[in-house]
Amino acid sequence: MVAEPARPPFQRTADPWRDTDVIDERAPRFNQAIVAVVALLGAVFGWPLAWAIMSAQLFIGLTLGRRFCLTCLAYFGLIQPRLGEGPLEDSRPPRLANLIGSAFLGAAALAWWLGAQTVGTALGALVAALVLLAASTGLCAGCELYRVTARLRGISPRRRARLDPADLTGLDGHSRTYVEFTHPLCSECREWEERLRSNGAPLVTLDVRERPDLARKYGIAIVPTVFAVGADGTVLERLAP
């Protein structure tokens, strides 16, 4: 009898407990599925305690870290080792989504206990619908809200229309240069880098982990953030987010 070859040990690109600025994109969707079930059960059966417990768990995970998040422990301890690591993304958008979910579920439970059961049920059902949509399609309302506000906080013609050439080694007088604020563990960042290099125009990459000073200076609230700039650093176009 021929023995089956040993399965190679599971390896991660990002440690889920230390590299918390990025996250496996499937982890938030797993969390959303659990939140959707709990929120829906609370709305259907009138269980405000379910909303309160889920709200508290989301808040605890946000404040104390992933090791105190039960859905994180389940995903990274049981599911990811079997499915493998998915693409890595900026962890800040799903964090905002979790914060909003925690607030709405807490408000639903409070409203119910104060006697406004219709309001509580409506809030619980709204959370269930939104997170179910996010889990099934990837369209996360809270994440999109973060990206919109990131654009408003970042560089725009109304805020800052120019990058200092002294910060961008590699402009070299080119009429159009791509500038990407990136993170070494971000899958979408690597995809953007490959896409931009294939266009043939010069590319300057700035690692926000190595240059947090520039990330703060230019209001970079999410990675990847990509600009096209002129020879003098004028922002010609914002490509992402």
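Helices here are DSSP runs of H or I with at least four residues, strands are runs of E with at least two, and both are numbered from the N terminus. On that basis the protein, which is a predicted model, has a secondary structure of eight helices and six strands. Read from the N terminus on, the elements follow the order β-α-α-α-β-α-α-α-β-α-β-α-β-β.

**Overall dimensions and burial**

The C-alpha trace of the protein spans about 65 × 65 × 30 Å along its principal axes. Of the 241 residues in the protein, 42% are buried, and the accessible surface comes to about 13,100 Å², with 60% of that surface belonging to carbon and sulfur atoms. Among the contacts in the protein with a separation of 6 or more, 74% are accounted for by residues 24 or more positions apart.

**Packing of helix α4 with α2 and α5**

Helix α4 (residues 92-113) packs with helix α2 (residues 48-64) and also with helix α5 (residues 117-137). The values for the two pairs are set out below.

| Helix pair | Angle | Distance between axes | 
|---|---|---|
| α2 and α4 | about 150° | 8 Å |
| α4 and α5 | about 160° | 7 Å |

Because angles over 145 degrees count as roughly antiparallel, α2 is roughly antiparallel to α4, and α4 and α5 are likewise roughly antiparallel to each other. The crossing of α2 and α4 is left-handed, and the crossing of α4 and α5 is left-handed as well.

On the α2 side, the contact with α4 is made by Pro48, Leu49, Trp51, Ala52, Met54, Ser55, Leu58, Phe59 and Leu62, while the α4 residues that take part include Arg95, Asn98, Leu99, Gly101, Ser102, Leu105, Ala108 and Trp112. The residues of this contact of α2 with α4 divide into 14 nonpolar, five polar and one charged.

In the contact between α4 and α5, helix α4 contributes Phe104, Leu105, Ala107, Ala108, Ala111 and Trp112, and helix α5 contributes Gln117, Val119, Gly120, Thr121, Leu123, Gly124, Leu126 and Val127. Here the division is ten nonpolar, four polar and no charged residues.

Ile23 is found in strand β1 (residues 22-24), and because its relative accessibility is 10%, Ile23 counts as buried. Leaving aside neighbours within four places in sequence, Ile23 is in contact with Pro28, Arg66, Phe76, Pro87, Leu88, Glu89, Asp90, Ser91 and Pro94. Between the C-alpha atoms of Ile23 and Leu168, which are 145 residues apart along the chain, the separation is 28 Å.

Tyr75 is found in helix α3 (residues 70-83) and is buried, with a relative accessible area of 3%. Once neighbours within four places in sequence are left aside, the residues in contact with Tyr75 are Asp24, Arg26, Ala27, Phe30, Gln80 and Pro81. Although Tyr75 and Asp24 are 51 residues apart along the chain, their C-alpha atoms are separated by 9.9 Å.

**A cis peptide bond at Pro224**

Most peptide bonds are trans. Val223 and Pro224, however, are joined by a cis peptide bond, for which omega is about -5°. Pro224 lies in the loop between α8 (212-217) and β5 (225-229).

Note on methods:
Residues numbered from 1 in each chain as written. Predicted model: local features only at pLDDT ≥ 70, side-chain atom pairs only at ≥ 80, totals over all residues. Heavy atoms only, no water. Axes fitted to C-alpha atoms, helices over the stretch in contact; angles between N-to-C directions. Parallel < 35°, antiparallel > 145°, perpendicular 65-115°, else oblique. Left-handed = near helix turned anticlockwise from the far one by under 90°. Contact = heavy atoms within 4.5 Å. Nonpolar A, V, L, I, M, F, W, Y, C, P; charged D, E, K, R; others polar. Buried < 20%, exposed > 50% of the residue type's maximum accessible area, 1.4 Å probe, protein only. Areas by Shrake-Rupley, 256 points an atom, 1.4 Å probe, with all protein chains shown as cover.
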